[in-house]
Amino acid sequence: MTNNDIFRRIRYTFDLKDRTIVDIFALAEVSVAQEQVTAWLKKDEDDAFVTMKNKELASFLNGFISFKRGKREGPQPAPEAQLNNNMVFQKLRIALNLKAEDILAVFELAGFRLSNHELSAFFRKPSHKNYRECKDQVLRNFLLGIQLQLRPNQEASSSEF
């Protein structure tokens, strides 16, 4: 999944308006213009499409954590220059304040089976022997499950993204 795909899915799932997204970036102490947000949300084939960099998505996710849970005291965390699916999954878990049982229920909604042990492997340090890389399919199903949970009456079609 590209950063733009993840960004679009989060925006759709949480029904975030462009102005709200600009405010979310501001919570991470990053200034973006509404036009920039619109360019990130365009379809890949569109001439006005702009690829979202790792640091930009990391800034958005850091701001999203503050948006959902409240801004933390002291300096805000610096956005990561390198981002992978495990980090995105971890940031979403923190933002939504989800426990393992909650995440497994979200996967269940998406029709994706995962054990507690498999799930915990995604949140381990890469140097841990039981660390497991979060593949696109896992992250996609997690985002789909969250969408089904928050917008149950909406069509869960991938054409929305």
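**Entry 1: asparagine 97**

I began with asparagine 97, which is partly exposed at a relative accessible area of 42%. For the terms, I took buried as under 20% relative accessible area, exposed as over 50% and partly exposed as in between, with a 1.4 Å probe and protein chains only. Asparagine 97 sits in the loop between α5 and α6. Its phi is near 55°, a positive value in a residue other than glycine. The helix labels come from DSSP runs (H or I, at least four residues, for helices; E, at least two, for strands), numbered from the N terminus.

I also noted where all this comes from: the model is predicted, so local features need pLDDT of at least 70 and side-chain atom pairs count only at pLDDT 80 or more, while totals for chains, interfaces and linings use all residues. Residues are numbered from 1 along each chain as its sequence is written, and side-chain values use heavy atoms, with hydrogens and water left out.

I found glutamate 29 in the loop between α2 and α3. Is glutamate 29 buried or exposed? Glutamate 29 is exposed, with a relative accessible area of 56%.

I then turned to α1, where 9 of the 11 residues are buried, so the helix is largely enclosed by the rest of the structure. Those buried residues are Asn3, Asn4, Ile6, Phe7, Arg8, Arg9, Ile10, Tyr12 and Thr13. They pack against α2, α3, α4, α5 and α8.

Leaving aside neighbours within four places in sequence, phenylalanine 7 is in contact with Ile21, Phe25, Val37, Trp40, Leu41, Met52, Leu57 and Phe60.

Leucine 16 lies in the loop between α1 and α2, and at 5% relative accessibility it counts as buried. With the neighbours within four places in sequence left aside, leucine 16 is in contact with Ile10, Arg11, Ile21, Ile24, Phe60, Phe64 and Phe67.

**Entry 2: α2 against α3**

At what angle do α2 and α3 pack? I read about 110°, with their axes 9 Å apart. Here axes are lines fitted to C-alpha atoms, for helices over the stretch in contact, and angles run from 0 to 180 degrees between N-to-C directions. The two helices are therefore roughly perpendicular to each other; the classes are under 35 degrees for roughly parallel, over 145 for roughly antiparallel, 65 to 115 for roughly perpendicular and oblique for the rest. From α2, the contact uses Asp18, Arg19, Ile21, Val22 and Phe25, and from α3 it uses Gln34, Val37, Thr38, Trp40 and Leu41.

**Entry 3: the largest nonpolar core**

Which residues have the most contacts inside the largest nonpolar core? I wrote down Phe7, Ile10, Phe60, Phe64 and Phe89, in a core of 41 residues. Such a core is a set of buried Ala, Val, Leu, Ile, Met, Phe, Trp, Tyr and Cys residues joined through side-chain atoms within 4.5 Å. At least two residues of this core come from each of α1, α2, α3, α4, α5, α6, α7 and α8. Its largest share, 6 residues, comes from α4.

Serine 59 is found in helix α4 and is buried, with a relative accessible area of 4%. Its C-alpha atom is separated by 5.2 Å from that of proline 79, 20 residues apart along the chain. Not counting residues up to four places away in sequence, serine 59 touches Phe25, Ala28, Val30 and Pro79.

Leucine 119 has its place in helix α7 and counts as buried at 2% relative accessibility. With residues up to four places away not counted, leucine 119 touches Phe89, Ala100, Ile103, Leu104, Phe107 and Leu114.

**Entry 4: helix α8**

My last stop was α8, residues 136-150. Its buried residues are Val138, Leu139, Asn141, Phe142, Leu143, Gly145, Ile146 and Gln147. What covers them includes α1, α5, α6 and α7.

Terms used. The expected span of a helix is 1.5 Å times one less than its number of residues. Contact means heavy atoms within 4.5 Å.
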